[in-house]
Amino acid sequence: MTAFEYDVVVIGAGPVGENVADRVVRSGLTAAIVERELVGGECSYWACMPTKALLRSASALRAARQLPGAREAATGHLDVAAVLGRRDSFASQWKDDGQVSWLESAGIALHRGHGRIRSARVVQVTGVDGVTVTLTARHAVVVATGSSALLPDIPGLREAAPWSSREAASAASVPRRLAIIGGGVVAAEMATAFGALGSSVTVLARDGVLPSAEPFAGELVTESLREAGVSVRLGANAVSVSRDDSGTVHVDTADGEQVEADEVLVAVGRTPNTQDIGLENVGLAPGVWLAVDDTLRVVGGGGWLYAAGDVNRRVLLTHQGKYQARAAGDVIVARARGEKVEDGQWGRHAVTADERAVPQVIFTDPEVASVGLTAAAAAAAGLRIRVVDYDLGAVAGSSLHADGYKGHARMVVDEDRKVIIGFTLAGPDVAELIHAATIAVVGEVPLDRLWHAVPAYPTVSEVWLRLLETYGR
């Protein structure tokens, strides 16, 4: 058996694992990364990039049709083959040559195969040819294996060969009829995408559309989906699924209705990829989310085991996982060198933003962009808050941006500290506006100081002025 030794061994070569390894190597340590699928991970091939490519062409067409002059030029329909082709290019045709080349240029060793922890700081990698190699880490092993789509225990569902987010993101063609079980981000985005591409879409949203967002966001997206021809069934609970000999999928709901479709997409949550990575060999339970401290060390992991990204369940978003990866890489280096660990709130080695300032964009129509706490979450945390709302369509820049612009903005203020702790925008093209709110939340900028941050006129960002005026100076 071949053996190698590195300072750090990372299991999982998605964006999180890549960033951990890169951070370590940039600081002068050695690192190896283990990957059993494609280097680049879920985001590169089956999530962030290809799904947003599926959505972008329809979004651009909608924007053109909201403007007189451009509307008359935007004739015809989407070229579905061209949309899918552009999606394929963003997924690199599901080949990872470019990512592998980047690892090599960064000085990161790649071991392809299935990695399992055999003992403290030891990872065994089994390749597709059955050959095994042993990797020993001098300082740390980092689990960055991510998560997979959760398949609920609905009778007949597994046998019906449902789509997960992976199959939806990489579909070679657009089904004539698509049923979606779930109402969260993946469900809403894929309903938007496939509806625009010509599929007859039915969404079975037992808990509503975007239930974790501010209520107005889900309401606006639901209204827009219905206007686009998507059937949104709020409160519908799928109780059984079957696929007949003709290939038609039948989804039965608790209220006695049946939905027929050519494909069924299940989008009800995620499950950690920790089932077969050897956790049981170091006293941890396999198949569970890995609890970590604020420096990403696994609780009960002996001090050498770290977990970053989806697998620790702090925040299941790629950009937040990369944020964690940078912190994990830095703290591993600090501990290896015996340097001071800065793990206090907002410290160099802490991931405080996971709890207080997580930004997210949902690429539906309209887009939903948020950061920090919703009003409900802030109230549940016992904070004394004031909620300030404003009609985003009433801002001068919005009326210029598109005729009939419809949207809404909300800021949640901590009344004891007079700072913003939550901000949500719902409206066309609001994605690029959210970083200003992220800076305000992370920086805990007092409202009195924000008053001096004058938004340019006429832009949609003028909503900041209107919200502050509504709050009252």
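Here is a walk through the sheet, a hairpin, a helix pair and some aromatic contacts of this structure.

Keep in mind that this is a predicted model, where local features need pLDDT of at least 70, side-chain atom pairs count only at pLDDT 80 or more, and totals for chains, interfaces and linings use all residues. Residues are numbered from 1 along each chain as its sequence is written, and side-chain values use heavy atoms, with hydrogens and water left out.

Let's start with the open sheet, whose 4 strands pair in parallel in the order S10-S9-S8-S14. Strand S10 (231–234) and strand S14 (263–266) are at the edges with a single partner strand each, so one side of each has no neighbour in the sheet. On average, neighbouring strands here are turned by 15° against each other, direction ignored. Strands, like helices, are DSSP runs numbered from the N terminus (E, at least two residues, for strands; H or I, at least four, for helices), and two strands pair if DSSP finds at least two bridges between them. Within the sheet, strand S8 (residues 177–181) runs parallel to strand S9 (residues 200–205), joined by 5 bridges. One place to look is Arg 177, whose bridge partner in S9 is Ser 200.

Now for pairing in the other sense. Strand S11 (residues 238–243) and strand S12 (residues 249–253) are antiparallel, also with 5 bridges. Val 241 has Val 251 in S12 as its bridge partner. Between the strands of this hairpin are 5 residues, and Gly 247 takes a positive phi near 95°.

On to the helices. Helix H3 (residues 48–65) packs against H8 at an angle of about 60°, the axes being 9 Å apart; axes are lines fitted to C-alpha atoms, for helices over the stretch in contact, and angles run from 0 to 180 degrees between N-to-C directions. The two helices are therefore oblique to each other (under 35 degrees is roughly parallel, over 145 roughly antiparallel, 65 to 115 roughly perpendicular, and the rest oblique).

The structure holds 4 aromatic pairs, among them a tilted one between Trp 163 and Phe 194, 5.8 Å centre to centre with 50° between the planes. For pairing, ring centres of Phe, Tyr and Trp (its six-membered ring) lie within 6.5 Å, with planes under 30 degrees apart stacked, over 60 edge-to-face and the rest tilted.
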